[in-house]
Amino acid sequence: MSDKPFRTYGSRGGGSIELYLADSMAAMSRMDPRSVDVVVTSPPYNIGKKYGVHVDRMPRHDYISWMESFGRDVSRILDLDGSLFLNVGGTLEDPWLPWDVARAVSNSMRLQNVIHWVKSISLDLQEADGSTSLISTGHFKPIVSKRYLNDFQEYVFHFTHDGARTIDKLSIGVPYKDKSNIGRWKSAGRDLRDRGNIWFIPYETIRTREQRPHPASFPVKLPEMCIRLHGLTEGLVVLDPFMGIGATAVACARLGVSFKGYEIDGAYLEESCRRLDMFYSPTGSEDDGARHQSLQ
Ligand SMILES: C[S@@+](CC[C@H](N)C(=O)[O-])C[C@H]1O[C@@H](n2cnc3c(N)ncnc32)[C@H](O)[C@@H]1O
């Protein structure tokens, strides 16, 4: 564990992408107050995921206290105009978990938006426009249960200091279906409207376990949309204290903003570097390591 970056890349926007092999709770306590603009992260959910180093089973009370102190640390290092996007999912047996975490963090910051990250959806278009199509799309992992519906969503809690920060909704907006709205509404000068808080972002499907170097990664598009929603301002600094295999780092590389990421597992850190090496190599694809997503 070290205060020196394990690897640094020059961001295309002029800043830097710094990856640290470090315990983020210790590292954040040494960071300057108000030194970060956006935190996008997904902490361990304490549901027994099989990580390489982190043991994902603490007594519930200890875990919630840990998340509470995480919220305090983030609130200290976050700029007064900053945003925390905290991705947490529940389990079928423990649907309160994400809300217990959000409640613990709300002791330090205000919950401004609740975003639903939807991984799979079925849309009966007859209800919407009378057509006969049924769209069923996204990642589907069957569960064997007579009690529970399949859980296709996780939360992204958007916290700010005062709960009243202006966000850049149209940066992730969607085109109007009815184009006559453009011009009818004062706010609708162009063909974009608020997307709302339901974000359908599927995983890329992989076929074998060997293709999956991390048990709980999110797609790069998720942090990318969070950062855009916060607003791409000059000199923006983004932090992911639980970096995993670097989805937020890749999002920052794509957006050309500065990034700091902490991870306690050297193997995950190496994988983040592999993805960034690919991104920055002259022949590399921007579309990096999406292969790490969920098993079908
Ligand atoms: C849910 S995963 C994050 C996955 C990440 N969003 C991605 O897309 O790859 C949580 C990560 O936190 C790491 N972790 C656990 N405790 C940590 C700590 N104290 N400091 C830094 N990383 C930690 C785990 O090793 C795990 O990779």
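Mentor: Happy to! One term before we start: a residue is called buried when its relative accessible area is under 20%, with a 1.4 Å probe and protein chains only as cover. In this predicted model, buried residues account for 45% of the 296 residues in the protein.

Now to the ligand itself. Its shell consists of 23 residues, and the closest are Ser24, His214, Phe218, Ile245 and Glu263. Sorted by class, that shell holds 14 nonpolar, seven polar and two charged residues.

For Glu263, a side-chain N or O atom is 2.6 Å from an oxygen atom of the ligand. For His214, a polar side-chain atom is 2.8 Å from a ligand oxygen atom. The backbone takes part as well: a polar backbone atom of Ile264 lies 3.4 Å from a nitrogen atom of the ligand. On its own the ligand has 610 Å² of accessible area, and the protein covers 98% of that.

As for the protein around this site, its secondary structure amounts to seven helices and 11 strands. The C-alpha trace spans about 60 × 50 × 45 Å along the principal axes. The radius of gyration is 19 Å, which agrees with the value near 19 Å that a compact globule of 296 residues would have. Among contacts with a separation of 6 or more, 70% join residues 24 or more positions apart. Finally, the protein exposes about 15000 Å², of which carbon and sulfur atoms supply 51%.

Terms used. Residues numbered from 1 in each chain as written. Predicted model: local features only at pLDDT ≥ 70, side-chain atom pairs only at ≥ 80, totals over all residues. Heavy atoms only, no water. Near = heavy atom within 4 Å. Polar contact = N/O pair within 3.5 Å; in protein donor to acceptor, adjacent residues only side chain to side chain. Areas by Shrake-Rupley, 256 points an atom, 1.4 Å probe, with all protein chains shown as cover. Nonpolar A, V, L, I, M, F, W, Y, C, P; charged D, E, K, R; others polar. Helix = DSSP H or I, 4+ residues; strand = E, 2+ residues; numbered from the N terminus. Rg over C-alpha atoms; globule rule 2.2 N^0.38 Å. Buried < 20%, exposed > 50% of the residue type's maximum accessible area, 1.4 Å probe, protein only. Contact = heavy atoms within 4.5 Å.
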